[in-house]
Amino acid sequence: MSKLTKNQKLVADKIEAGKAYTLKEAASLVKEITTTKFDASVDIDVRLGVDPRKANQMVRGVVSLPNGTGKTVRVLCLCTPDAEAAAKEAGADYVGLDEYIEKIKGGWTDVDVIITMPAIMGKIGALGRVLGPRGLMPNPKSGTVTMDVAKAVREVKQGKIDFKVDKTGIVHASIGKVSFTPEQILGNAKEFLATIVKLKPTAAKGTYMKSIYLSSTMSKGIKIDPKSVEEI
């Protein structure tokens, strides 16, 4: 068995084996156990008591994190000429239509979010093979297909994220950075979990939130007591 490094030993001493922490405790502890030299992301993983294979138990939604994500989000707005000025003013990094559609057909996907309008989806449908696997396909459910593209751009830039339960029943999301204060991490986590609770499918039976873990890039996961978030 290999020996633990100095940092690994310090981390191991901070996390009590088998203990489930409160959300508030975890928000502070995740900063203490992170030893990366870069500003690591703070991630949350929630295992739900749902069967994602059934349409009436799918959990998918969007949430605006009160303290943002801490990430620079590159936004492409595919819109009609009359909406371009508003999209640029709202902070979109790239604005246009046909020229960007051609670039995407050629394999360009150097963005994090694509926002567009309902009338343009006919043109974008052909890009599914390129955008789909990268999670970039605009979708009305995530708010990325809308008539008010400027509002959508502002929301994404300010910390709006979308999430979806995976085939194993887990919802994963990045909710901030280690450089955030414990209060900022806690605030974002509360907002995210409150949204998950609101989206509970009526068809879901038994325990809804089975387990919750908070971690940072390359850190150990901190187990959170689901009862500590019931008062959200």
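Predicted model: local features only at pLDDT ≥ 70, side-chain atom pairs only at ≥ 80, totals over all residues.

Biologist: Which strand gives the largest share of the lining of the largest pocket?

Modeller: The largest pocket holds about 750 Å³ of space. Its lining has 26 residues, and those closest to the centre are D112, V113, G135, I161 and D162. Strands β2 (60-64), β5 (113-116), β6 (160-164) and β7 (170-177) each supply at least two lining residues. The largest share, five residues, is supplied by β6.

Biologist: Which strands form the edges of the open sheet of four strands?

Modeller: The order of this sheet is β7-β1-β8-β9, and its pairing is antiparallel. From one strand to the next, the twist averages 25 degrees. An edge strand pairs on one side only, and the edge strands here are β7 and β9 (222-224).

Biologist: Which residue of β9 is the bridge partner of I212?

Modeller: Strand β8 covers residues 209-216 and runs antiparallel to β9. Three bridges join β8 to β9. The partner of I212 in β9 is I224.

Biologist: At about what angle to β7 does helix α8 run?

Modeller: Helix α8 comprises residues 182-198. This helix lies across β1 (41-48), β7 and β8. Relative to β7, helix α8 runs at about 155 degrees.

Key. Residues numbered from 1 in each chain as written. Heavy atoms only, no water. 1 Å grid on protein atoms, 1.4 Å probe; cavity = no way out; pocket = protein on both sides within 12 Å on 5 of 7 lines; lining within 4 Å. Points joined across faces, edges and corners; volume = space filled by probe spheres on them. Pairing = 2+ DSSP bridges. Axes fitted to C-alpha atoms, helices over the stretch in contact; angles between N-to-C directions. Contact = heavy atoms within 4.5 Å.
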